[in-house]
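Welcome! Here is a short briefing to read alongside the model. Take a moment with the sequence and the view, then follow the topics below.

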Amino acid sequence: MASSSLKKHDSNSCWTPKQNKLFERALALYDKDTPERWQNVAKAVGGNKTAEEVKRHYDILLEDLRQIESGRVPLPNYKSLVTTTTNVDEEERLLKYLKLQ
């Protein structure tokens, strides 16, 4: 999950999509009870990430999740963003069919 708040830090802590995926996998592997968790996650992510950068990335992720779960982040309306003639035609056909039933 890429968030705009993940980009608020200096250029040394930029995260690639690949690093984010490795980060997610490492979090699943090294849970909160794992000794030296953040060092292990940093090694798994690679790219010279430090334990401190990884922990900060995790804290940002938690804050993003809190925002989403609290309803402060609106869900996008994908349907209105991708309206094509085919979709409109199909929708009209279905409405006509429903009226016949």
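Glu36 counts as exposed because its relative accessibility is 57%, where exposed means over 50% relative accessible area, buried under 20% and partly exposed in between, with a 1.4 Å probe and protein chains only. Glu36 sits in the loop between helix H1 (17-29) and H2, and its phi is positive, about 55°, although it is not a glycine. This is a predicted model, in which local features need pLDDT of at least 70, side-chain atom pairs count only at pLDDT 80 or more, and totals for chains, interfaces and linings use all residues. Residues are numbered from 1 along each chain as its sequence is written, and side-chain values use heavy atoms, with hydrogens and water left out.

**The overall picture**

- The protein has five helices and zero strands, where helices (H or I, at least four residues) and strands (E, at least two) are DSSP runs numbered from the N terminus.
- Read from the N terminus on, the elements go α-α-α-α-α.
- Of the protein's 101 residues, 25% count as buried.
- The protein exposes about 8,100 Å², with 55% of it supplied by carbon and sulfur atoms; accessible areas come from the Shrake-Rupley method with a 1.4 Å probe, and for residues only the protein chains shown count as cover.
- Among contacts in the protein with a separation of 6 or more, 52% come from residues 24 or more positions apart, contact meaning heavy atoms within 4.5 Å.

**How confident is the model?**

- The average pLDDT of the protein is 80, and 71% of the residues score at least 70; pLDDT is the predictor's confidence in each residue, from 0 to 100.
- Confidence is highest in H2, at 97, and lowest in helix H4 (residues 78-81), at a mean of 62.
- Over residues 1-11 the pLDDT is below 50, and this stretch has 13 contacts in the model beyond near neighbours in sequence.

**Where H2 meets H3**

- Two packed helices are described by the angle between their axes and the distance between the axes.
- Helix H2 (residues 37-45) packs against helix H3 (residues 51-69) at an angle of about 95°, and their axes are 8 Å apart.
- H2 is therefore roughly perpendicular to H3; angles of 65 to 115 degrees count as roughly perpendicular, under 35 as roughly parallel, over 145 as roughly antiparallel and the rest as oblique.
- Axes are lines fitted to C-alpha atoms, for helices over the stretch in contact, and angles run from 0 to 180 degrees between N-to-C directions.
- On the H2 side, Arg37, Trp38, Gln39, Val41 and Ala42 meet Ala51, Val54, Lys55 and Tyr58 of H3.
- This contact of H2 with H3 involves six nonpolar residues, one polar and two charged; Ala, Val, Leu, Ile, Met, Phe, Trp, Tyr, Cys and Pro count as nonpolar, Asp, Glu, Lys and Arg as charged, and the others, Gly among them, as polar.
- Within H2, the buried residues are Arg37, Trp38, Asn40, Val41, Ala42 and Val45, and they pack against H1 and H3.

**Where H1 meets H3**

- The axes of H1 and H3 cross at roughly 85° and come within 12 Å.
- H1 and H3 are therefore roughly perpendicular to each other.
- Asn20, Phe23 and Leu27 in H1 touch Val54, His57, Tyr58 and Leu61 in H3.
- The contact of H1 with H3 is made up of five nonpolar residues, two polar and no charged.

**Residues to find in H1**

- Asn20 lies in helix H1 and counts as buried, at 12% relative accessibility.
- Leaving aside neighbours within four places in sequence, Asn20 is in contact with Trp15 and His57.
- Lys18, in helix H1, is exposed, with a relative accessible area of 62%.
- Lys18 and Val45 are 27 residues apart in sequence, and their C-alpha atoms are 8.5 Å apart in space.

**After H2**

- Gly46 follows H2 and has a positive phi, near 75°.
- Gly47 is found in the loop between H2 and H3 and is exposed, with a relative accessible area of 57%.
- Gly47 and Cys14 are 33 residues apart in sequence and 9.9 Å apart in space, C-alpha to C-alpha.
- Asn48, in the loop between H2 and H3, has a positive phi of about 60° although it is not a glycine.
- At 76% relative accessibility, Asn48 counts as exposed.
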